Amino acid sequence: MNVLGIETSCDETAIAVVEDGRRILSSVVSSQVELHAEYGGVVPELASRRHVEAMIPVLDEAIAGTACRLEDIDAVAVTHGPGLAGALLVGLNFAKALAYAMSRPLVAINHLEGHIYAAWLERERGPRFPLLALIVSGGHSDVVLMEGHGRYRRLGETVDDAAGEAFDKVARLLGLGFPGGPAIDRLASATAHSPPAHLPRARLARPYDFSFSGLKTKVQRIVRGEEGEAPPAAELAAAFQESVVDSLVTKAVQAARDHGASEIVLAGGVAANSLLRSSLAERSPLPVVVPPQALCTDNGAMIAAAGWRRLQAGETAPLDLDVEPGLRIG
Ligand code: KG4
Ligand code: ZN
C-alpha cells in the first residue's frame with residue numbers, strides 16, 4: 001500500500017511516498033530556511049505563501065521519484081497540527097483536494113506522532129513497546145510514553161521554550177544566524193576541550209518537565225557583560241549545549257527507567273544534535289533508536305508512516321477536517 005505523506009506545519013514543504021509504512025519510495029523536502037534567515041526566525045505569513053508556491057512542484061517531484069503514477073497512491077496522510085495555522089491550512093487543503101479528486105482516504109496525523117514514526121522507516125523491525133520518545137524540535141520538547149500504536153501518555157513537556165527554540169534564540173544572541181541549532185552544534189564541536197563555563201540546569205516540580213528560558217536569560221546576561229568578562233562564543237555555545245543536552249538526557253533516561261520502557265526513540269529536529277545523540281547513547285541503559293538526520297527534521301515520510309498505521313486501524317478523516325494548531329500528544 002502506497003501512502004502519500006504531506007507535511008507543511010512550519011517552514012518545510014515536504015511530500016513523500018511510503019510503501020507499507022516503512023519503505024520510502026521518494027521523499028522531497030523543500031526548505032524555506034533561506035527565506036526566513038534574514039528575519040532570524042520563521043515568518044508565518046511568508047511560510048504560508050511559500051507553501052502555496054511549492055506544493056505542486058514538490059508533489060510532481062515526489063511522484064517522479066518513484067516508479068508510480070499519482071493513481072498508484074492508495075491514501076493521503078497529512079499533518080493537521082500542531083504548527084502554524086496558515087502553513088497547516090495549505091497542506092491540509094491540498095491533501096483534501098487530492099483525496100477528493102482521486103477518491104482516496106484522507107488520514108489526519110499529529111506532527112509529533114509523525115516524528116516518532118520516523119523510527120519505523122527503512123528498518124526491518126520497529127522499536128518495541130512500551131517505548132519512551134523524546135521529541136525535541138523547534139516547537140516542542142515532550143517526553144512521551146508510547147504503549148502501542150496510537151497510544152500515548154505525555155509524561156513531561158517544556159514549561160516555556162522548546163529545546164530547538166532555545167538553540168535558535170541563543171544562536172541569535174551569539175550572532176550565529178538562523179537556524180541556530182546546527183550553528184551552535186558546529187561551533188561547540190570546534191571547542192576541543194570541555195567547556196570551562198558551567199550553566200545551570202532548571203529544577204522543576206514535575207520530574208520530566210523542562211525549562212530553557214532561564215538558561216537563555218543567563219546566556220544573555222553573560223553576552224552583555226553583566227557577569228564579568230564574557231567567554232568566547234564557542235565556549236558559551238558549548239556550555240549552553242551541554243546544559244540543554246544534560247537536562248534532556250537525564251529526564252528521558254529517568255522517565256524510561258521509571259516507566260519500564262524497552263527502548264528510547266529520539267525524534268524531532270534537535271535529534272540532529274551531535275552531543276545529544278552521543279550522550280543519549282552513552283547514558284541510556286536501553287537501546288536508543290535515532291533515525292537518520294534527514295528523517296529527524298520535518299519530512300513527509302514520517303507522516304506517511306504514521307498514516308499507514310492509522311489506516312491499518314481503520315482510522316480515516318472526514319473531508320471537513322480542520323487544522324489544530326495547538327494539538328498536543330498524549
Ligand atoms: O523538527 P524540526 O525540523 O521543525 C519543527 O517541528 O520545529 O526542528 C527544527 C529545530 C530548529 O529549532 C533547529 O534549530 C533545531 O531543530 N536543530 C538543531 C540541530 N539541527 C536542527 N538543534 C540542535 N542541534 C542541531 N544539530
Ligand atoms: Zn517537527
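Guide: Please note that this is a predicted model. A hairpin of four residues leads from strand β6 to strand β7.

Visitor: How do you know that β6 and β7 are paired?
Guide: Pairing requires at least two bridges. Six bridges join β6 to β7 (residues 141-148), and the two run antiparallel, so they count as a pair. Within this pair, Val136 stands opposite Ser141 of β7.

Visitor: In which sense does β6 pair with strand β9?
Guide: β6 pairs with β9 (residues 263-267) in the parallel sense, over five bridges. Here Leu134 stands opposite Leu266 of β9.

Visitor: What makes strand β6 largely enclosed?
Guide: A residue is buried when its relative accessible area is under 20%. Six of the six residues of β6 (residues 131-136) are buried, so the rest of the structure largely encloses this strand. Leu131, Ala133 and Ile135 point one way, while Leu132, Leu134 and Val136 point the other way. In a regular strand, side chains alternate between the two faces of the sheet.

Visitor: Why are helices α5 and α6 called roughly perpendicular?
Guide: The term covers angles from 65 to 115 degrees. Helix α5 (residues 163-173) and helix α6 (residues 180-189) pack at about 65°, with their axes 7 Å apart; they are therefore roughly perpendicular to each other. Their crossing is left-handed.

Visitor: Which residues make the contact between α5 and α6?
Guide: Phe167, Asp168, Val170 and Ala171 of α5 meet Gly180, Gly181 and Ile184 of α6. These residues divide into four nonpolar, two polar and one charged.

Note on methods: Residues are numbered from 1 along each chain as its sequence is written. Chains are lettered from A and ligands numbered from 1 in the order in which they are written. This is a predicted model: local features need pLDDT of at least 70, side-chain atom pairs count only at pLDDT 80 or more; totals for chains, interfaces and linings use all residues. Side-chain values use heavy atoms; hydrogens and water are left out. Buried means under 20% relative accessible area, exposed over 50%, partly exposed in between (1.4 Å probe, protein chains only). Axes are lines fitted to C-alpha atoms, for helices over the stretch in contact, and angles run from 0 to 180 degrees between N-to-C directions. Angles under 35 degrees count as roughly parallel, over 145 as roughly antiparallel, 65 to 115 as roughly perpendicular and the rest as oblique. A crossing is left-handed if the near helix is turned anticlockwise from the far one by less than a right angle, and right-handed if clockwise. Contact means heavy atoms within 4.5 Å. Ala, Val, Leu, Ile, Met, Phe, Trp, Tyr, Cys and Pro count as nonpolar, Asp, Glu, Lys and Arg as charged, and the others, Gly among them, as polar.
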